[in-house]
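Biologist: Please take a close look at a single part of this model. Start with one residue and its surroundings, then move on to other parts.

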Amino acid sequence: MIKLTTRLTASAAALAILTAPAFAQDSAEDEIIVTATKRATTLQDTPVAVTVTRAETIERAEIQDILDLQSVVPSLRVDQLQTSTNTNFIIRGFGNGANNPGIEPSVGVFVDGVYRSRTSANIGNLPNLERVEVLAGPQSTLFGKNASAGVISIVTQAPQFEQEGKASVGLGNYGLFQGDAYITGPVSETLAYSIGGGFQKRDGYFGRVGGDGQDLNDRDRWNLRGQLLFEPSDDTTLRLIGEYSTLDELCCGTSVFAASPTSQILLGLGGGAQVQGDALNPYARVAYLNKTPENELSDYGLSGQLDHDFGNGLSLTSITAYRINDTFSDIDADFTTLNILDQNESNTRLDTFTQELRLTSNYDGAFNFQIGGFYFDESVDAQNVLGYGSDIRAYVDVLSSGALNVIEAFDPSLSAGDLFSDNISIKERFTQEDTTYSVFGTVDYEIGDRFTVTGGLNYTDVRKEVSGSTDNNDIFSNLDLATNPGVSALTQGIIAQSFGADPTMDPIAGAFFATFGTPLTAASFGGLPAPARGAFVSAIQPGVASQLFGLQFQPQFLAFPNAVESGVVEDDKVTWSIRGNFEATDDISLYASVATGFKASSFNLSRDSRPFLVDAPNLAATGILPNNYTPATGRNFGTRFAEPEEAIVYEIGAKARWGFGTANLALFSQTLENFQTNAFVGAAFVLTNAGETRVNGAEIQGRLFPMDGLTFDYAATLLDAEYTDFTNASGPISGTIIDLTGTEPDNIADFSGSLSGTYEWGLGNNTDAYVRAGIQYESPTTIATNLSPEGRALAATANPLETTLQAFNGYEEREQFLVNASMGIELDNGIGFQIWGRNIFGDDYATTLFPGVAQFGIVNGYPSPPATYGANMTIDF
């Protein structure tokens, strides 16, 4: 049989809240030990919002990473973005942290009690997983910052004092070849060890046109993990962990989900793409790229956990960790076979030190407490390069109707070919020092035998110090187009096109008639005195320039810190929670809770970071503003950082357990203020705060045992979400602001649910078999609000270019219906065989949509993975 281990030290994995009911896949015969409140307790006695997925479920459902985990946890959503390491965790509809090293996630991830400050979807590479705990709602009381939406806690087995091991190997479609091995045992009576490792290799399932033709979305991952467990006495335990993992993959393939007139420009220049009208088929999973995207990761670290029981009802836990995370990617960011962008490299290194210390009571009386502190120190070093390609000039020439040639001809500072040449690059360097202190405490007080009141407080202080600079030789993006002599010549040519036009129909002819009282003709314009003619051209030129602003993709960067911007933010916050838990019977408990959450400010560490408009007067006074920053209109101003997120959740519910199963119900109302959004708008990411977002919801989850050997797991989540205040949302095109107040946020389904059934039976001679099938459903939901028909209509009122967006044919919504299945046999000699399939009916949907990169009206996106299947063999020894 598959071995499940429930032996835990006092805090084998951390984090939690003091709200809500415990949700989990448990059985009447098997108590699950969890550490969701930083206390090792049974799941039934843990009144917090935690969904537990055990090792058995993870193995039998062939859950290979956190992306797959969402198939059994409806309140969790994981979005894969443009690289293998760029994922976004979402709980109860909210989460962020992708596409920028300065943005920490709203969902905290912990592995064996150690905080992972950035998302990483590779739990399948952790040897001998014990369980995964997913905590919904604000978790800040016991943690502090960066847990305003929830927590994912991954727990692996500690070394054992009995010799045992396990090895497995598997094959599957798309050339899947995977394997892992784990062994543990004693070194002495007080020292045990474990060592494990694994690999996963697979060909890509995303076809390729252009470049070297290599398929994309492959897998190439390796890991190694060693542990020592030292127990010098019954009261003291020391657990040391060292690990190293690597990733080297070609990811990620994109499809075109909506075409526009820009599509025909790309095709005319020889850039293949799936854009030909009815032939548009994003689920063909064929990427049109002239360059192979590369993704590399090295992640390694050391951690130590010390637990000591003082023997007087008090115990001490210390968790110390140091980690290094190095990532590299270089993608074809224009997503076409044209060489528009030749280089989009990103190199990021994170050096992270964490220390947690806590004292926990375990008295027999009515009163218990927990106090502790947490220290976090992280250095971020991010270096990026964006380089223009050999086809960008031809592409922009068409977009600008030949304006570049005119500008070069009449601007004496320019030569032919200077604008949008393939030797242009933008080199970036950003650093961040993040130092956080947090102290927390909780108190439990029992009133009688069945009622417990729990209160908690947390104080967190965060200081972030950043720097950013670029080396940018993009000449066109740094021209002052409103006064440029080349644009002046272009303006005169445009005026000439209005000669003889009806003043009531043509705006330029109308402006001329209103100014000079005569129709605009070649004679009337040429007969004006030079000063008057020049004044009229100057009056028209800003309008012409505004039509070219959208082609200034990379305006000059204002480095920071500077004379006005210190590059430092300091946040501190007290968060609290209170909960009442009433055990109505031995099997039914009721609860009510209120909890608050907090996430610190996030810096925009990218070339898209812009000074706040409020700082414009002081910046202008110092003379350091680049020449195309316009305080009067706010052009090229934006955000350096997003303000802190704050959350509050009110929750009531019940959990119950009977001989035939469990049922857990939660009703909640959660409000997030200043939710940090990072929207892509075609040529840049815009970091901003959504003023207020509200979500009301209900969750039900449990397990049923209708007969011996048969188990059903069920879960469902209902969400009703709304932006109650979001007046400064970004439209699909840079510079467009739309009001999304009253609309539903992206990617939040009204209903999501999962149902699985497992039947186990004996074949005799200590041989067992099982069959498992599960479904995952998500109701239709808008993927990207600013790209929806409603969002585009709002944006079109602010920017006429928005009207070039074409129909989606329904792709702007996602609906999922996934079916997964597996079956296996486990022999008495420890050998097991399994066959499995995920998304076996090949359900197609888009995980993420985004505006085409500098391609007005085009919408790109990431299609869902296709059907996958395989077979595994395992041996326990």
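Modeller: A residue counts as buried when its relative accessible area is under 20%, and as exposed when that area is over 50%. Partly exposed lies in between. Keep in mind that this is a predicted model.

Take valine 109. Its place is in strand S7, residues 107-111. Its relative accessibility is 4%, so valine 109 is buried. Which residues does it touch? Setting aside neighbours within four places in sequence, valine 109 has contacts with Phe89, Val114, Tyr115, Arg116 and Ile152. Serine 153 is 44 residues away from valine 109 in sequence, yet their C-alpha atoms are 5.9 Å apart.

Now for helix H4, residues 392-399. Its buried residues include Ile392, Arg393, Tyr395, Val396 and Asp397. The cover over the buried residues of H4 includes helix H3 (261-268), strand S22 (367-388) and helix H5 (403-410). Just after H4 comes serine 401, with a positive phi of about 55°.

Next, the surface. A nonpolar patch there is formed by Tyr363, Phe367, Val443, Tyr445, Ile447, Phe451, Phe582 and Leu590. Together they have about 680 Å² of accessible area. Strand S23, residues 425-447, gives the most to this patch: three residues. Leucine 590, one of the patch residues, sits in strand S26, residues 588-599. Its relative accessible area is 39%, so leucine 590 is partly exposed.

How values were computed: Residues numbered from 1 in each chain as written. Predicted model: local features only at pLDDT ≥ 70, side-chain atom pairs only at ≥ 80, totals over all residues. Heavy atoms only, no water. Patch = residues over 30% accessible without salt bridge, like charges linked within 9 Å, V, L, I, M, F, W, Y side chains within 5 Å. Areas by Shrake-Rupley, 256 points an atom, 1.4 Å probe, with all protein chains shown as cover. Salt bridge = Lys/Arg side-chain N within 4 Å of Asp/Glu carboxyl O. Helix = DSSP H or I, 4+ residues; strand = E, 2+ residues; numbered from the N terminus. Buried < 20%, exposed > 50% of the residue type's maximum accessible area, 1.4 Å probe, protein only. Contact = heavy atoms within 4.5 Å.
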